[in-house]
Amino acid sequence: MNAIKSDIAAAVEKELAAANEEHPLFSSLHEGYAVAKEELEEALEELNEAQRYLEYAWNAIRDNQPEIAMQHIARMGFAAEWAAIESCQLAAMAKKAIDSEKNRK
């Protein structure tokens with residue numbers, strides 16, 4: 001499903017613009033790598049959190065505890081949203097690394 005593909009591209013561009021406004025271009029590919037690695041780690045942490053809450057929800061579903069399951073599902077959704085935000089930041093930092101390298105040449 002690509003219903004939000006253009007929205008994601010716009011979000012990445014918005015993240016890139018905000019990052020460029022706050023910080024200069026990367027001074028090296030090493031710096032770009034480090035910043036991208038941090039964003040990837042943050043995205044993965046959020047995805048791991050989403051996975052953990054999905055497992056908690058499943059356990060509650062099996063135990064016939066729908067209210068608790070719904071709480072876990074809500075927390076899973078929140079973590080998934082943050083993973084999407086971090087992923088947009090990662091994509092923006094990839095673009096920034098490319099822009100920075102092109103600017104140095």
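User: By about how many helical turns are Glu-41 and Lys-37 separated in helix H2?

Analyst: Please note at the outset that this is a predicted model. Glu-41 and Lys-37 are separated by about one helical turn, because they stand four residues apart in helix H2. Side chains of opposite charge can pair when their charged atoms come close. Here Glu-41 and Lys-37 form a salt bridge, with 3.2 Å between the closest N and O atoms. Glu-41 is partly exposed at 38% relative accessibility, and Lys-37 is partly exposed at 39%.

User: How many salt bridges does a search of the whole structure find?

Analyst: The search finds four salt bridges. One of them joins Lys-95 and Glu-13, at 2.8 Å from N to O. This pair links distant parts of the chain, since Lys-95 belongs to helix H3 and Glu-13 to helix H1 (residues 5–22), 82 residues apart. Lys-95 has a relative accessible area of 36% and is partly exposed; Glu-13, at 38%, is partly exposed.

User: Which residue forms a salt bridge with Arg-104?

Analyst: Arg-104 meets Glu-101, at 2.3 Å from N to O. The two residues are three apart in helix H3, so about one helical turn separates them. Arg-104 is partly exposed, at 35%, and Glu-101 is partly exposed at 22% relative accessibility.

User: How many aromatic pairs does the structure hold, and what describes such a pair?

Analyst: A pair of aromatic rings is described by the distance of the centres and the angle of the planes. The structure holds two aromatic pairs. Tyr-53 and Tyr-56 form an edge-to-face pair, 5.5 Å centre to centre with 90 degrees between the planes. Both lie in helix H2 (residues 29–62), three residues apart, about one turn of the helix.

User: Is Tyr-53 buried or exposed?

Analyst: Tyr-53 counts as buried because its relative accessibility is 10%, under the 20% cut-off.

User: Why is the pair of Phe-78 and Trp-82 edge-to-face?

Analyst: The planes of Phe-78 and Trp-82 stand at 70 degrees, with the ring centres 6.3 Å apart, so the pair is edge-to-face; the angle required is over 60 degrees. Both residues lie in helix H3 (residues 66–104), four residues apart, about one turn of the helix. Phe-78 is exposed at 51% relative accessibility, whereas Trp-82 is partly exposed at 36%.

User: Where does the charged end of Lys-96 sit?

Analyst: The charged end of Lys-96 sits over the ring of Phe-26, 5.4 Å from the ring centre.

Conventions: Residues are numbered from 1 along each chain as its sequence is written. This is a predicted model: local features need pLDDT of at least 70, side-chain atom pairs count only at pLDDT 80 or more; totals for chains, interfaces and linings use all residues. Side-chain values use heavy atoms; hydrogens and water are left out. Rings of Phe, Tyr and Trp (its six-membered ring) pair if their centres lie within 6.5 Å; planes under 30 degrees apart count as stacked, over 60 as edge-to-face and the rest as tilted. Buried means under 20% relative accessible area, exposed over 50%, partly exposed in between (1.4 Å probe, protein chains only). A charge sits over a ring if NZ of Lys or CZ of Arg is within 6 Å of the ring centre and within 35 degrees of the ring normal. A salt bridge is a side-chain nitrogen of Lys or Arg within 4 Å of a carboxyl oxygen of Asp or Glu.
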